[in-house]
Amino acid sequence: MEQHASVDWDIIIKPRQAWWKPDLREFWHYRDLLWLLVRRDLTAQYKQTILGPAWLVLQPLITTITYTVMFGLMARLPTGGIPAMLFYLSGIVPWTYFAGVVNKTSRTFVSNANVLTKVYFPRLIMPVSTTLSTLFSFLVQLGLLILIIGGHAFFADFHWTPSLNLVFLPVVILLMTLLGLGAGILVSAMSTKYRDLGFLVSFGVQLLMFASPVIFSPEMVSRNRTIEMIFNLNPMTPVINSMRTMFFGGALDWYGLGYAALASLVLLMTGLAVFQRVERSFADVV
């Protein structure tokens, strides 16, 4: 009689964790894949382009010059005593990072369906790798902001003294990261069933910029209580205002930062829970 030898498998893939509890130990086990995907995103983003990584600097710089001409020279909007170019660039840099994280991570499931349905690895690796590669772009643009501030202080009549509040800059960057990642993975999970949600979010992020202090200073917004309330509901408002305060002086809005921290925590936990739940039936839906 033919006997079948038993086979002992090293790894059995099954949904061991509750949908509300991500397996961080397994995530750490795949950290090499995480850095590989980050490197892939960085090299593929500007591959076969004429200017290559120079777009990291040119994009915010061209946008800043446009805003300076339109809103600074032509519309003459107040900038709270900050030179117009520095005011707009200090708003564009954090907003570009936040919008980039939301838009890119919101397409995680749909854009990578061919890979996610054939190869096993913690699905959370994909949005986190996208967030980290976008963070690299943000750090380059933050360096551009510091360089232009130094240029204004050296060549123009602009007195600039670094504030001690700059030690809290990593905290603000962390808040932006958690806000963008939480919103992105929440939309990514929901867009597996409702594909047009990704387009709606992309359009909504563009509109949300006008409810953030990217173009309008707090002094201008405070003239209308309804508009001020709308701005204050946006958790990116205290983040951008705090970044400007760190570079150009003033008192930090700790209550606003507390609200942003709470909003980022709620968004991240909700996004992780929904992401984990959708992940189990993703291959049947996409």
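Residues are numbered from 1 along each chain as its sequence is written, and side-chain values rest on heavy atoms, with hydrogens and water left out. Since the model is predicted, local features require pLDDT of at least 70 and side-chain atom pairs are counted only at pLDDT 80 or more, while totals for chains, interfaces and linings use all residues.

Gln-141 lies in helix H7 (residues 125-155), where helices (H or I, at least four residues) are DSSP runs numbered from the N terminus. With a relative accessibility of 5%, Gln-141 counts as buried, a class defined as under 20% relative accessible area, with exposed being over 50% and partly exposed in between (1.4 Å probe, protein chains only). When neighbours within four places in sequence are set aside, Gln-141 is in contact with Leu-56, Pro-60, Val-93 and Thr-96, contact meaning heavy atoms within 4.5 Å.

Eleven aromatic pairs are present in the structure, a pair being formed by rings of Phe, Tyr and Trp (its six-membered ring) whose centres lie within 6.5 Å, with planes under 30 degrees apart counted as stacked, over 60 as edge-to-face and the rest as tilted. The rings of Phe-87 and Tyr-88 have centres 5.4 Å apart and planes at 85 degrees, so this pair is edge-to-face. Phe-87 is buried, at 1% relative accessible area, and Tyr-88 is likewise buried, at 0% relative accessibility. The rings of Phe-168 and Trp-254 also form an edge-to-face pair, because their centres are 5.1 Å apart and their planes stand at 85 degrees. This pair links distant parts of the chain, 86 residues apart, with Phe-168 in the loop between H7 and helix H8 (169-190) and Trp-254 in helix H13 (residues 254-280). Phe-168 is partly exposed, at 32% relative accessibility.

Ring pairs also link Tyr-67, Phe-71, Phe-87 and Tyr-88 into a cluster. Over the ring of Phe-87 sits the charged end of Arg-244, 3.7 Å from the ring centre; the criterion is that NZ of Lys or CZ of Arg is within 6 Å of the ring centre and within 35 degrees of the ring normal.

The axes of H8 and helix H12 (residues 236-248) come within 10 Å and cross at roughly 155 degrees, angles running from 0 to 180 degrees between N-to-C directions of lines fitted to C-alpha atoms over the stretch in contact. H8 and H12 are therefore roughly antiparallel, the term for angles over 145 degrees.

Methods
Helices (H or I, at least four residues) and strands (E, at least two) are DSSP runs, numbered from the N terminus. Angles under 35 degrees count as roughly parallel, over 145 as roughly antiparallel, 65 to 115 as roughly perpendicular and the rest as oblique.
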